[in-house]
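Dear colleague,

Kindly look through it before reading the notes that come after it.

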Amino acid sequence: MPNDLHPAWLSCLPAPVPAELTTPAEVAVFELRQAGIDVEVREQPALSREAWSLQGNILHGGHAGVLYGAYELIRAKELNRPVPGGLCKPYYDARMIDCWDNMDGTVERGYAGRSLWFEGNRFSYDPARIRQLGRMLASVGLNVLCINNVNVHQPAQELIDGLLPETAAFAALLRPFGVRLMLSVDFSQPMQHGIPTADPLDPRVQAWWAERAKAIWEQIPDFYGFLVKADSEHRPGPFTYGRSHAEGANMLARAVAPYKGFVVWRAFVYNCQQDWRDHSVDRPCAACDTYLPLDGQFDLNVILQVKNGPYDFQIREPISPTLLALHKTCTAVEFQLAQEYTGHQIDLCALAPVFHEFFEDIHPSGIVAIAAVSNLGRDWNWFGHPFAAANLFCFGRIAWNPREDPVTCIREWARLSYPDAAEALTGILSRSRAVYELYTGTLGQCWMVNPHEHYGPNPGGYEFDRWGTYHRASRDAVGIDRTAAGTGYVSQYPPELQARYGDPGTCPDELLLFFHRLRYDFVMRDGRTLIQRIYDDHFAGAEEAEKMAEVLKALPLPEPDRTEALKRMDLQVANAREWRDVINTFFHRLSGVDDAHGRTIYD
Ligand code: GCU
């Protein structure tokens, strides 16, 4: 299989970007020329770095803005639509892709093959393919790439130390595309250098990080900063020294401040050693409980990165209340393009509706940056499933403009990638998240998945484990009561959302069992009982997956994409049936209630 293909959405630019081009303006000129667009490119230092505008025949733009403008012009030409008028600029300054790549070449939660740049505990890559990556990212406006896993294992610590020259060489490949490098760092790293502590208030620790920051920015002048997973799932952090996360993050922030660098501090902090018997601890409360008392204590160059929902990238979660509660802290929202809980890039699950729903519940200005866990890998088509490319594409478009319509984004991707099948594909993909939700985790039920690998059904898999992920299904009822009478989680929301979520009469069906514990005979708004709705949804989801497979088979798709997509679709149909039968049987055995329509449930 060729391993240097463009993602299909860039197939109108067949020539690779030459290595000798070193600035976004040079790349812009090259791309416009090969797309046959006769426009003059004029870099305007007075414009903000990423803004652009088309005036007559001249593309004006800031340093990277000219390149974003060029790609927009190319898209407009391909899609036969007008170029936006006026000054165009991104909503967020930082639009980040976080790669969970390990230096041994594996990718944590990676479903598209091995790492694109690490192998055998060192850098190992084809520079041409990294330039292609830069081009892909720039073409949808993404501008920060974190290349190593948030779980930092040796020798990844060397990326800011012994391997710094190699790290700098890698960063240089992305620079012509306006993409800045970020690295995940290990909070305890000074301890590998003869310092007996990583206490953020210890001057030796502060001096060590300051010296490292100086060395990094000397070699990578546009380095973005550090991404940190601290005191989370056994990673080291300030708690060990009795220090707060503000003290920990600010220590790093002060080391990078002279270079205008950032510290992106992840808020994925919860008790991962919970006793399932203990109903007083409710994991979704954890982030708000930890960070609300620290609101206002973080330095301005700390960005607290919070997952979009309070759990962990489930197919449906309410917006994280932490993002709504913090008013004096810079925050970023983190999505997951890697389909850890959403089908492993085998099942179709276009995530644009997830991004869109998120921004319905929050004013986009409440946060300052946007990030997503990467779905990229060394597979010939970069994404495992050729259609998983739509998730990176749509993420970029929505990160640029959070008000972008999700179906429009999917349609743009489909028209650019597979023009002969675009409308049917748009239909399938726009429904795919809803379908996946129906056969897996309908009504806000989470965690009925096979533990660890997170593909396929297993309703008991996490029920008696330590991760705080329970549905507590019994003979009579299912779900967690998160109202004031229950765990109280709902009180972390602003009043309007408290009211909406706190009452089963107004809580959206999709989140009902996330917020409420309900009896199987609870009557839903549509008149069906809860148990009947569970059965119906799982039957409907599996049936829709089968229909999607039929539509897909008839589509005029190019090879090898077609064969790959059909192979994965077969696996999806099998997965959907398995989910339907396991979940329906699970609830039938517990409740003893038969399906009103007499369909097959295996006992
Ligand atoms: C999930 C995922 C882990 C990952 C973690 C994180 O728990 O399963 O692989 O390390 O999220 O976001 O840090």
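The notes below set out what was found in this structure, which is a predicted model.

**Domains**

The domain assignment divides the chain into domain 1 (8–79), domain 2 (94–272 + 290–417) and domain 3 (442–479 + 517–591). Between domain 2 and domain 3, the C-alpha centres are 30 Å apart. Contacts across this boundary involve 25 residues of domain 2 and 24 residues of domain 3. The size of an interface is often given as the accessible area lost when the parts come together. For domain 2 and domain 3, the buried area is about 2,000 Å², and carbon and sulfur atoms give 59% of it. On the domain 2 side, Tyr311, Ile346 and Trp380 lose the most area to domain 3, and together they account for 25% of what that side buries.

Strand E12 covers residues 331–336, and six of its six residues are buried. Thr331, Val333 and Phe335 point one way from the strand, while Ala332, Glu334 and Gln336 point the other way. Both groups of side chains are buried.

Which strands pair with E12? One is strand E11 (residues 302–307), which pairs with E12 in the parallel sense over four bridges. Within this pairing, Glu334 of E12 is the bridge partner of Lys307. Another is strand E13 (residues 369–373), also parallel to E12, with five bridges. Here Ala369 of E13 is the bridge partner of Ala332. To get from E12 to E13, the chain passes through helix H9 (residues 352–361), and this β-α-β crossover is right-handed.

Arg266 is placed in strand E10 (residues 262–266). Is Arg266 buried or exposed? Its relative accessibility is 3%, so Arg266 counts as buried. Leaving aside neighbours within four places in sequence, Arg266 is in contact with several residues, including Trp100, Val150, Tyr291, Gln305, Lys307 and Glu334.

Arg95 lies in strand E4 (residues 94–98). Arg95 is buried, because its relative accessible area is 0%. With which side chain does the side chain of Arg95 make a polar contact? The partner is the side chain of Glu50, at 2.9 Å. Glu50 is also among the residues in contact with Arg95 once neighbours within four places in sequence are left aside; others include Tyr68, Val144, Ile370 and Trp400. Arg95 and Val368 are 273 residues apart along the chain, yet their C-alpha atoms are separated by 9.7 Å.

Asn149 is found in the loop between strand E7 (144–146) and helix H4 (164–174). With a relative accessibility of 2%, Asn149 counts as buried. A polar contact of 2.9 Å links the side chain of Asn149 to that of Asn102. Not counting residues up to four places away in sequence, Asn149 touches Cys99, Trp100, Asp101, Asn102, Glu108 and Ser184.

**Backbone exceptions**

Most residues other than glycine have a negative phi, and most peptide bonds are trans. The following places depart from these patterns.

- The peptide bond from Gln154 to Pro155 is cis, with omega near 5°. Pro155 lies in the loop between E7 and H4, which is where Asn149 is also found.
- Glu559 and Pro560 are joined by a cis peptide bond, with omega about 0°. Pro560 belongs to the loop between helix H15 (530–553) and helix H16 (561–591).
- Asn121 is not a glycine, but its phi is positive, at about 65°. Asn121 sits in the loop between strand E5 (118–119) and strand E6 (122–123), and is partly exposed, with a relative accessible area of 42%.
- Gln345 is likewise not a glycine and has a positive phi, of about 60°. Gln345 lies in the loop between E12 and H9. Gln345 is buried, with a relative accessible area of 0%.

Yours sincerely

Conventions: Residues numbered from 1 in each chain as written. Predicted model: local features only at pLDDT ≥ 70, side-chain atom pairs only at ≥ 80, totals over all residues. Heavy atoms only, no water. Buried < 20%, exposed > 50% of the residue type's maximum accessible area, 1.4 Å probe, protein only. Helix = DSSP H or I, 4+ residues; strand = E, 2+ residues; numbered from the N terminus. Pairing = 2+ DSSP bridges. Right-handed = clockwise from strand over helix to strand, strands pointing away. Polar contact = N/O pair within 3.5 Å; in protein donor to acceptor, adjacent residues only side chain to side chain. Contact = heavy atoms within 4.5 Å. Domains from an automatic or database assignment. Buried area = accessible area lost by both parts, 1.4 Å probe.
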